[in-house]
Amino acid sequence: MNTYNEMKLEFSSYSENESFARTVVSAFIARMDPTLEELADVKTAVSEAVTNAIIHGYEKNPGKVTIYGKIEGNAIYLEISDEGEGISDIAKAMEPLYTSKPELDRSGMGFAFMEAFMDELHVESEPGKGTVIKMKKVIYSAMNLS
C-alpha cells in the first residue's frame, strides 16, 4: 500500500457543503481501512471544523473553505481553513461550552469534540484574516496494511 497521499478541496461556505466535506474526507481515508469508530471520529471532527468556518468564520457572508488532507503512514493530517473573521481569543474559543453565538442555539463544543476525537489539534487564527485548524489522527487499523 502507498503510505503517502494528499488532496485539496475548496468549496463555498454554504451549510449544505458540510456533509459534502465529510463525505469527501471519508472517501479519502477509506483506503486506510479505518474502523467504524475511527471513521466516525474523523467525520465528526471535520464536520465541527467546517461548521465553525461557515458559521463563525463567514457569518452568512460568501467565502471559501479549504480542506487539505495528507495520509502519511498510518496517520491522517487535516487542515481546514477559511479567510473569514478569525478568532481574537483562541484559548477562550476552545473552552467547552463557550460560544460566540448563543442566539443560534450552538453548544460551544466544536473544539472540545475535535480535541476528543483527534490525536492532535492546533488552531491558528488572526482576526480579519481567517483560521486554520490542523488535526491529526492515527488510524491504528492501517498499521496492519503496510
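This is a predicted model: local features need pLDDT of at least 70, side-chain atom pairs count only at pLDDT 80 or more; totals for chains, interfaces and linings use all residues.
Strands here are DSSP runs of E with at least two residues, helices are runs of H or I with at least four, and both are numbered from the N terminus; two strands count as paired if DSSP finds at least two bridges between them.

As for the pairings themselves, E2 (residues 64–72) and E3 (residues 75–82) run antiparallel over 8 bridges, and Glu 72 faces Ala 75 of E3. E4 and E5 are joined in the antiparallel sense by 7 bridges, with Ser 125 opposite Thr 131 in E5. Their hairpin leaves 3 residues between the strands, and Gly 128 there adopts a positive phi near 80°.

The 13 residues of H1 span 19 Å from first C-alpha to last, close to the expected 18 Å, which is 1.5 Å times one less than the number of residues. Buried residues of H1 include Ala 21, Val 25, Phe 28 and Ile 29 (buried: under 20% relative accessible area, with a 1.4 Å probe and protein chains only). The buried residues of this helix pack against E1, H2, E2 and E3, where contact means heavy atoms within 4.5 Å.

The largest nonpolar core holds 34 residues, and Ile 67, Leu 78, Phe 111 and Met 135 have the most contacts inside it. Such a core is a set of buried Ala, Val, Leu, Ile, Met, Phe, Trp, Tyr and Cys residues joined through side-chain atoms within 4.5 Å. E1, H1, H2, E2, E3, helix H4 (110–117), E4 and E5 each contribute at least two residues, and H2 gives the largest share, with 7. Beyond its neighbours within four places in sequence, Phe 111 touches Asn 52, Ile 87, Ala 93, Met 94, Leu 121, Val 123 and Ile 133.

Residues are numbered from 1 along each chain as its sequence is written, and side-chain values use heavy atoms, leaving out hydrogens and water. Local features need pLDDT of at least 70 and side-chain atom pairs count only at pLDDT 80 or more, while totals for chains, interfaces and linings use all residues.

Note on methods: Buried means under 20% relative accessible area, exposed over 50%, partly exposed in between (1.4 Å probe, protein chains only).
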